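This report describes a single protein chain, moving from its overall build to a pair of helices and then to one further helix. Please read it alongside the sequence and the structure shown here.

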Amino acid sequence: MEKDCLIVLSGGMDSVTLLHDYRDRIAAAVTFQYGSNHNAMEARCARLNCEKLGIEWHELDLSFMSTHFHSSLLDGADAVPEGSYEDSNMRSTVVPFRNGIMLAAAAGMAESLGLKAVMLANHSGDHDIYPDCRPEFVEAMGRAISAGTYDNIELIAPYTNVSKADIARRGKELGVDYSLTYSCYKGGEKHCGKCATCIERAEALAAAGIEIEE
């Protein structure tokens, strides 16, 4: 199978699972440094997984976002609310149009590398809180990326309507080492276990019957 894809790789559970799931098609990965609390921890995991699979890894600086955008993810660990994604305060974790900006940059990088597609690991649990993870966004952005590139770069987002628990189950089938992923919004050395992404991660791992020491 031709390696023709560039994946947006955060280093979290979902994108690392997608990396392993489509390893036969993925030629390169890009991790964006945009100033989030958890950027450094996630980037380390992204790099380690790419090294493990022999996939070319890139980092791209989007630090202007931390200067000009407002989100609790950009304002330090203490700004991140605790609780599940069902709580109204989780809206503070939205980084405005983050995926739109990242996908635009990834599309340009993919075309420059001579690749045919960009991959994104959004999933169904993101839909309520994050507008730039919803199916209508993915469809619209896919059309824009195709129309705006000479090579009609394709946007592939196979987990859009898949639950995080099912992603974890798929990762278990693939033998993904989830200890080499990071998901805490507070960005500490260990997962806090209290922020929404930690709670969602723990629930997905439990549903898949995966035990790791966090």
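## Overall build

Buried residues account for 51% of the 214 residues in the chain, in what is a predicted model. The secondary structure comprises 7 helices and 5 strands, which follow one another along the sequence in the pattern β-α-β-α-β-α-α-β-α-β-α-α. The radius of gyration is 16 Å, close to the 17 Å that the globule rule gives for 214 residues, so the chain is as compact as a globular protein of that length.

Taken along the principal axes, the C-alpha atoms fill a box of roughly 45 × 40 × 30 Å. Of the contacts between residues at least 6 apart in sequence, 69% join residues at least 24 apart.

## Helices H1 and H2

Two packed helices are described by the angle between their axes and the distance between the axes. For helix H1 (residues 13–21) and helix H2 (residues 39–53), the axes come within 11 Å and cross at roughly 10°; because angles under 35 degrees count as roughly parallel, H1 is roughly parallel to H2.

On the H1 side the contact involves Val 16, Leu 19 and His 20, which meet Asn 49, Cys 50 and Leu 53 of H2. By class, this contact has 4 nonpolar and 2 polar residues, with no charged residues.

## Helix H4

Helix H4 (residues 98–112) has 15 residues and spans 21 Å from its first C-alpha to its last, close to the 21 Å expected at 1.5 Å a residue. The buried residues of H4 include Arg 98, Asn 99 and Gly 100, as well as Ile 101, Met 102 and Leu 103. Just after H4, Gly 114 adopts a positive phi of about 75°.

Note on methods
Residues are numbered from 1 along each chain as its sequence is written. This is a predicted model: local features need pLDDT of at least 70, side-chain atom pairs count only at pLDDT 80 or more; totals for chains, interfaces and linings use all residues. Side-chain values use heavy atoms; hydrogens and water are left out. Axes are lines fitted to C-alpha atoms, for helices over the stretch in contact, and angles run from 0 to 180 degrees between N-to-C directions. Helices (H or I, at least four residues) and strands (E, at least two) are DSSP runs, numbered from the N terminus. Angles under 35 degrees count as roughly parallel, over 145 as roughly antiparallel, 65 to 115 as roughly perpendicular and the rest as oblique. Contact means heavy atoms within 4.5 Å. Ala, Val, Leu, Ile, Met, Phe, Trp, Tyr, Cys and Pro count as nonpolar, Asp, Glu, Lys and Arg as charged, and the others, Gly among them, as polar. The expected span of a helix is 1.5 Å times one less than its number of residues. Buried means under 20% relative accessible area, exposed over 50%, partly exposed in between (1.4 Å probe, protein chains only). The radius of gyration is taken over C-alpha atoms; the globule rule is 2.2 Å times the number of residues to the power 0.38.
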